[in-house]
Amino acid sequence: MRSYQITGWGQPLEPREAPTPTPIGSEVLLRVTGCGVCHSDIHIKVGYFDMGGGRRVRHEDHGTTLPFTMGHEIVGEVATLGPDARGVAIGDRRVVFPWIGCRACAKCEAGDELMCQQPKHLGAFAPGGYADHVLVPHPQYLIEFGTTPPALAATYACSGLTAYAALRKAGRLTAEDWLLVIGCGGVGLSAINLAKLVSPARVVAADIDPGKRQAALAAGATEAIDNGDKDAMRSLRKISGGGVAAAIDFVGAPKTSRFGVDALRKGGTHVVVGLYGDVLEVPLPYFPFKLMTIRGSLVGTLEEMRELMALVRAGKVPPIPIATRPLAEVNQVLDDLERGRVVGRVVVIP
Ligand SMILES: [Zn+2]
Ligand SMILES: [Zn+2]
């Protein structure tokens with residue numbers, strides 16, 4: 001099989017050949033037909049997360065060794081089944097739930113794999129989908145996508161699921177409430193698309209890029225503002241009648257999260273999703289005075305993915321803009337993504 005791998009942290013991915021694995025036990029070998037390119041791949045590729053103040057968390061300290069194959073928005077066809085794999089047949093088309101745990105600890109056994117301390121996420125800790133084949137440990141991680149175009153289906157595994165799980169964490173909102181979505185790239189746009197399925201709150205989108213604000217309005221945001229503008233907070237307070245009930249930061253930078261926290265009304269919740277990094281400075285009196293909550297959200301659970309895919313199969317989720325490019329162009333795609341030149345999602349095809 002051919003995979004595009006990280007062979008040196010921060011270096012372009014390199015095509016490499018290796019023997020195609022044979023599934024054992026409950027494993028399923030999938031022939032990859034598409035893999036979404038996610039912004040977090042940029043962070044995985046460099047080999048660390050920026051924790052601020054010069055501190056870094058290195059992937060190698062968490063067991064990711066080189067060469068490594070990224071890619072966690074995987075769609076494909078069942079190619080080979082392990083002897084104990086049940087419930088799928090050769091040729092079945094499925095999207096992969098990649099946020100798999102160690103499958104041995106108490107959390108994993110209780111079905112709460114996202115809380116596993118030794119995760120085996122495909123494309124982050126185990127080989128992912130920037131390849132023509134990928135090994136999935138059990139058929140339960142393969143989810144039907146009905147008549148959804150396969151490339152679009154791939155994006156629900158991270159972009160869609162991350163958006164859905166973050167919206168779930170924004171709290172119980174009413175039709176009087178405003179939800180602020182900061183960052184309208186792939187995941188932010190998905191959140192705007194999904195917002196009405198999760199709560200009746202109106203969405204105000206914030207992005208510094210006019211093209212992305214346009215896409216946000218097209219996806220269903222009631223208002224869109226430029227959070228880089230010096231009057232942004234004033235316009236936001238005007239729109240929301242004093243403050244938003246919840247903010248979700250899909251960038252995760254000090255400025256964007258501070259914007260979200262400042263925008264909260266009393267009792268509001270700020271959810272950090274993006275992995276830009278560095279440190280958030282928040283006045284401590286905000287916590288009691290605003291009675292506010294700051295929390296994080298990372299991807300989503302298998303149960304949330306099943307809920308989301310049921311909505312997708314029922315035709316309730318409007319599609320995000322998708323472009324497909326050959327897997328061989330994955331380095332250019334990552335570069336375009338890093339420079340903010342992508343609206344919606346790019347899916348690479350082996
Ligand atoms: Zn992702
Ligand atoms: Zn586990």
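Modeller: Two strands count as paired if DSSP finds at least two bridges between them. Keep that in mind for this structure, which is a predicted model.

Biologist: How do you know that strand 15 and strand 16 pair?

Modeller: Strand 15, residues 264-272, and strand 16 are joined by four bridges in the parallel sense. The cut-off is at least two bridges, so the two strands count as a pair. One of the bridges links His270 to Ile294 of strand 16.

Biologist: What is the order of the strands in the open sheet?

Modeller: The six strands run in the order 13-12-11-14-15-16, and their pairing is parallel.

Biologist: What makes strand 13 and strand 16 stand at the edges?

Modeller: Strand 13 (223-225) and strand 16 (293-296) each have a single partner strand, so one side of each has no neighbour in the sheet. Between neighbouring strands of this sheet the turn is 20° on average, direction ignored.

Biologist: Which strands does helix 6 lie across?

Modeller: Helix 6, residues 232-240, lies across strands 11, 12, 13 and 14, and runs at about 165° to strand 13.

Biologist: How do you know that domain 1 and domain 2 touch?

Modeller: The domain assignment gives domain 1 as 2-158 + 300-349 and domain 2 as 161-296. Contact requires C-beta atoms within 7 Å, and 25 residues of domain 1 meet this with 20 residues of domain 2, so the domains touch. The touching side of domain 1 has 13 nonpolar, eight polar and four charged residues.

Definitions and conventions. Residues are numbered from 1 along each chain as its sequence is written. Chains are lettered from A and ligands numbered from 1 in the order in which they are written. This is a predicted model: local features need pLDDT of at least 70, side-chain atom pairs count only at pLDDT 80 or more; totals for chains, interfaces and linings use all residues. Axes are lines fitted to C-alpha atoms, for helices over the stretch in contact, and angles run from 0 to 180 degrees between N-to-C directions. Two residues are in contact if their C-beta atoms, placed from the backbone, lie within 7 Å. Domain bounds come from an automatic or database domain assignment. Ala, Val, Leu, Ile, Met, Phe, Trp, Tyr, Cys and Pro count as nonpolar, Asp, Glu, Lys and Arg as charged, and the others, Gly among them, as polar.
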